[in-house]
Amino acid sequence: MAPNVKSAKKVFVFLGKSVFSLLETMIFTLIPKPRKNVAGEIVLITGAGSGLGRLLALKFARLGAVLVLWDINKEGNEETCNMARDAGATRAYAYTCDCSRKEEVYRVADQVKKEVGDISILINNAGIVTGKRFLDCPDELMEKAFDVNFKAHLWTYKAFLPAMIANAHGHLVCISSSAGLFGINGLADYCASKFSAYGFAESIFFELFAQKIKGIKTTIVCPFFINTGMFEGCTTGCPSLLPILEPEYVVRKIVDAILQEKVYLYIPKFIYVLMFLKSVLPTKLLLLIGEYVGAFNFMDGFVGKKKN
Ligand SMILES: NC(=O)c1ccc[n+]([C@@H]2O[C@H](COP(=O)([O-])OP(=O)(O)OC[C@H]3O[C@@H](n4cnc5c(N)ncnc54)[C@H](O)[C@@H]3O)[C@@H](O)[C@H]2O)c1
């Protein structure tokens, strides 16, 4: 085929596919996409001992999923497991696992594969925050933030993705943060770990696409502050556009996004606008917007989660 015919064909195919996917998106904006059935799916939730992880477990329990719950906090995790059984889960298993330790992740993952089976929905949710300015933050705390918020995702993917590929069936869910999209002063290590988690999940999504591996979905979640206690004391300068979110609302949106197989979920919607503005506006204007929404003071009152 002559090179100009070949490139005309390439443009034609690209335009055809683009129009089709735009139409598909428009249709699914008007008529919500059908939700997938997760009854019987084996769902692993890390950080299930409290907050979003616990609420996600209860939602998936009501949807008939088999639950595998991981947390470093044994008591909180077992409590979630009992609550999930009360909510209707016929099979729920609690495993104590420190996700920041690679060997422990691999050991517990092997145990899960033997005792429960292959994970089909992996929700990397465990997270910690130090909440200190960069120069005040001890090295070991920064390393810990990376180990839990990002590196644990590498080890859980290594442990569970091969079976998903072999079964041509799976869903990888990354709970990142709006702090994985925008840098925030007083939150440098957390932001860097959440940017990493986002970049990793998106890269694997593209890697699976490029390798034409079918049947494995990805969902990346970036919420603003949520009222779970993790960011206790933090404030927003613009509650109408950037409200502190309620955990039940966030979990409803996350589960909807998983069931509808959405790749990106930013909450609230204003985060999408901010992402667009960040790409097009001059930096001085961005700083003004940052001041307007109180971004440079978000962390001023941070106290975080009180230890039990
Ligand atoms: N709360 C917010 O404002 C907010 C905003 C955006 C994103 N997020 C993210 O959402 C996720 C859930 O946060 P949350 O608000 O429910 O907080 P949370 O503190 O209630 O829950 C985090 C859970 O992770 C567990 N965990 C911590 N270190 C662990 C480790 N080494 N191994 C295993 N488990 C460990 C904790 O025990 C806890 O149960 C986190 O990844 C967080 O970064 C939270």
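Begin by selecting G229, which sits in the loop between β6 and α7 (247-259). The model on your screen is predicted, so please keep that in mind at each stop. Is G229 buried or exposed? With a relative accessible area of 14%, G229 is buried. Now show what surrounds this glycine. Setting aside neighbours within four places in sequence, G229 is in contact with G304 and K305.

**Zoom out to the whole chain**

How many helices and strands does the chain have? There are nine helices and seven strands. The radius of gyration is 21 Å, close to the 19 Å that the globule rule gives for 308 residues, so the chain is as compact as a globular protein of that length. Along the principal axes, the C-alpha atoms fill a box of roughly 70 × 55 × 35 Å.

Of the 308 residues, 45% are buried. If you colour by charge instead, you will have 36 positive and 28 negative charges to look at, and their mean positions are 9 Å apart. Contacts also tell you how the chain is put together: among those between residues at least 6 apart in sequence, 70% join residues at least 24 apart.

Select I42, which lies in strand β1 (residues 42-46). I42 is buried, at a relative accessible area of 11%. Which residues does I42 touch, not counting those up to four places away in sequence? They are V66, V68, V116, G117, D118, I119, S120 and I121. Pick V68 from that group and draw a distance line: I42 and V68 are 26 residues apart in sequence, with 7.1 Å between their C-alpha atoms.

**Into helix α5**

Move on to T156, a residue of helix α5. Here the relative accessibility is 0%, so T156 counts as buried. Show its contacts, again leaving aside neighbours within four places in sequence, and you will find W70, V105, L122, N124 and L161.

Follow the helix to its end and select A168, in the loop between α5 (139-167) and β5 (170-175). The phi of A168 is near 50°, a positive value in a residue other than glycine. A168 is partly exposed, with a relative accessible area of 43%.

**Another positive phi**

Jump to K212, located in the loop between α6 (188-210) and β6 (216-223). K212 is not a glycine either, and its phi is positive, near 55°. Is K212 buried or exposed? K212 is exposed, at 66% relative accessible area.

**The cysteines**

Select the cysteines and show their sulfur atoms. How many disulfides does the structure hold? The count is zero. Start with C191: the closest cysteine sulfur belongs to C234 and is 11 Å away, too far for a bond. C191 is buried, with a relative accessible area of 4%. Then turn to C238. The closest cysteine sulfur is again in C234, at 16 Å, which is too far for a bond. C238 counts as buried too, at 6% relative accessibility.

**A cis peptide bond**

Now select I267 and P268 and look at the bond between them. These two residues are joined by a cis peptide bond, with omega about -5°. P268 lies in the loop between β7 (264-267) and α8 (270-280).

**Last stop: helix α9**

Finish with helix α9, residues 283-292. How many of its 10 residues are buried? The count is one, and the helix is hardly covered. Just after α9 you reach G294, where phi is positive at about 75°.

Conventions: Residues are numbered from 1 along each chain as its sequence is written. This is a predicted model: local features need pLDDT of at least 70, side-chain atom pairs count only at pLDDT 80 or more; totals for chains, interfaces and linings use all residues. Side-chain values use heavy atoms; hydrogens and water are left out. Helices (H or I, at least four residues) and strands (E, at least two) are DSSP runs, numbered from the N terminus. The radius of gyration is taken over C-alpha atoms; the globule rule is 2.2 Å times the number of residues to the power 0.38. Buried means under 20% relative accessible area, exposed over 50%, partly exposed in between (1.4 Å probe, protein chains only). Contact means heavy atoms within 4.5 Å. Lys and Arg count as positive and Asp and Glu as negative; His and the chain ends are not counted. The place of a charge is taken as NZ of Lys, CZ of Arg, CG of Asp or CD of Glu. A disulfide is a pair of cysteine sulfur atoms within 2.5 Å.
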